[in-house]
Amino acid sequence: MQEIVDFIRQLYNSSEFIPLHAPVFMGNEKKYLNECIDSTFVSYVGKFVTQFEEMTASYTGAKHAVAVVNGTAALQIALTVTGVEKGDEVITQPLTFVATANAIVHAGAQPVFVDVDRDTLGMSPESLSDFLNKNTSFNKGVCFNKITGKPIKAIVPVHIFGHPCRITEIVEIARKYNIKVVEDSAESLGSYYQGQHTGTFGEVGILSYNGNKTITTGGGGMIITDNEDLAKRAKHITTTAKVPHPWEYVHDEIAYNYRLTNLNAAVGVAQMEQIEEILENKRKTAQKYQTFFEMKNAVDFIKEPINSHSNYWLNAILFNNRNERDAFLKYTNERGIMTRPIWQLMNKLKMFKNAQTDDLINAEWLEHRVVNVPSSIKILN
Ligand SMILES: *Cc1c(COP(=O)(O)O)cnc(C)c1O
């Protein structure tokens with residue numbers, strides 16, 4: 001274990017505390033923030049929000065991008081605009097950050113959990129297909145859960161740690177059951193499946209710019225879609241449903257104030273300007289980890305899946321069992337190297353313990369084995 005500690009210290013050239021993923025601001029962040037302050041456009045009006053949306057659409061290849069206050073809100077609204085309503089069900093994976101499941105509930109639905117693949121950590125098309133096959137029936141073109149009697153309106157696969165899941169197969173299965181796919185690509189800005197950016201396969205995708213993500217706006221999120229109507233609707237209901245008028249306040253439904261501020265967007269624009277550099281930097285770090293762990297048979301490094309290009313947001317390693325994992329977590333954290341286990345499965349949290357699940361063999365297998373190791377962008381000098 002000391003060897004791993006030494007390797008990480010050498011990698012980050014540091015004898016101090018090494019965080020899991022610290023943000024790095026090496027571009028125009030301060031300049032654009034100053035512009036915001038000097039112009040007094042710090043809140044919801046200002047050029048950076050539009051610019052950030054345009055840069056994101058162009059970078060991901062989505063036709064439309066709508067900036068919002070955070071990734072959780074982005075996912076909630078993405079589900080709402082695709083038709084998820086109170087009383088519906090949404091299928092997702094149990095191995096994810098809690099925001100995925102929370103957003104499903106915020107949108108009025110209940111989550112159902114199907115298994116993941118061991119190599120991608122993302123939703124398993126086999127488990128999804130089996131679950132739908134066993135448990136659903138059609139009524140007037142809508143897929144109903146036979147056990148609960150509720151309509152299943154969306155499927156939310158997650159590209160965990162930036163590793164793309166088998167998204168084309170998931171989209172195909174969803175189409176067969178007339179269910180919309182909303183991709184939780186919060187962790188996968190800069191990740192591609194078969195050359196196409198993650199988040200652009202389903203009806204809608206979302207991104208997060210939380211402080212620990214690949215790029216950050218302090219806090220922020222983005223809804224991406226090719227569907228113009230959905231994009232317009234997302235913009236409308238995240239901005240208090242105000243009907244355009246030169247001076248009157250007319251609002252045509254109960255909506256949300258989920259806007260991203262110009263200040264946050266200013267940081268986002270500056271970060272997007274450096275995206276290629278950031279991704280290259282992260283990839284180099286991942287390659288070093290991979291080479292290092294390939295020499296150690298005790299621990300496996302989780303590589304980008306086939307047909308994929310991962311952003312390597314958080315590097316992850318796989319232990320043989322829980323005891324080895326726990327020993328590693330203790331050893332590293334006690335020595336100032338931040339490492340973290342993968343999340344507890346959602347269906348084990350008290351809020352979701354009654355949720356319906358498929359067999360979760362792989363998710364359970366991974367839950368006690370995966371650990372994230374420091375993955376910050378290194379400042380090159
Ligand atoms: C970060 C994250 C989110 C939520 O994003 P916030 O901006 O923190 O609200 C959603 N899903 C996943 C998988 C995430 O990692």
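**Salt bridges, buried elements and domain contact**

The side chains of K47 and E35 form a salt bridge, with N and O 3.2 Å apart; the term denotes a side-chain nitrogen of Lys or Arg within 4 Å of a carboxyl oxygen of Asp or Glu. K47 belongs to helix α3 (residues 47–60) and E35 to helix α2 (residues 29–39), so the pair links distant parts of the chain, twelve residues apart. Helices (H or I, at least four residues) and strands (E, at least two) are DSSP runs, numbered from the N terminus. E35 is partly exposed, at a relative accessible area of 29%. Here buried stands for under 20% relative accessible area, exposed for over 50%, and partly exposed for values in between (1.4 Å probe, protein chains only).

The model is predicted: local features need pLDDT of at least 70 and side-chain atom pairs count only at pLDDT 80 or more, while totals for chains, interfaces and linings use all residues. Residues are numbered from 1 along each chain as its sequence is written, and side-chain values use heavy atoms, with hydrogens and water left out.

In total, the structure contains 19 salt bridges. One of them joins R233 and E253, whose closest N and O atoms are 2.9 Å apart. Because R233 lies in helix α8 (residues 228–238) and E253 in the loop between α8 and α9 (262–272), this pair ties together parts that are 20 residues apart in sequence. Both ends are partly exposed: R233 has a relative accessible area of 35%, and E253 has a relative accessibility of 33%. Salt bridges with shared partners also join D117, E126, R166 and E169 into one network. Within this group, the side chains of E169 and R166 meet at 2.9 Å, N to O. E169 is partly exposed at 31% relative accessibility, whereas R166 is buried at 18%.

Helix α9 is mostly covered, with nine of its eleven residues buried. These are N262, A265, A266, V267, G268, V269, A270, Q271 and M272. They pack against α2, α3 and α10, where contact means heavy atoms within 4.5 Å. Helix α10 (residues 275–294) has 20 residues and spans 28 Å from its first C-alpha to its last, close to the expected 28 Å at 1.5 Å a residue; the expected span is 1.5 Å times one less than the number of residues. Buried residues of α10 include I275, I278, L279, Y289, F292 and F293.

Strand β1 (residues 64–68) is also mostly covered, four of its five residues being buried. Five bridges join β1 to strand β11 (residues 221–225), and the two run antiparallel. Strands are taken to pair if DSSP finds at least two bridges between them. H64 has T225 of β11 as its bridge partner.

The chain is divided into domain 1 (2–22 + 275–373) and domain 2 (29–272), with bounds from an automatic or database domain assignment. Their centres, taken over C-alpha atoms, are 25 Å apart. The contact takes 42 residues from domain 1 and 48 residues from domain 2. Between them the domains bury about 3700 Å², 62% of it on carbon and sulfur atoms; buried area is the accessible area (1.4 Å probe) that two parts lose on being put together, summed over both. The count of salt bridges between domain 1 and domain 2 is one. K134 forms a salt bridge with D358, at 3.2 Å between the closest N and O atoms.
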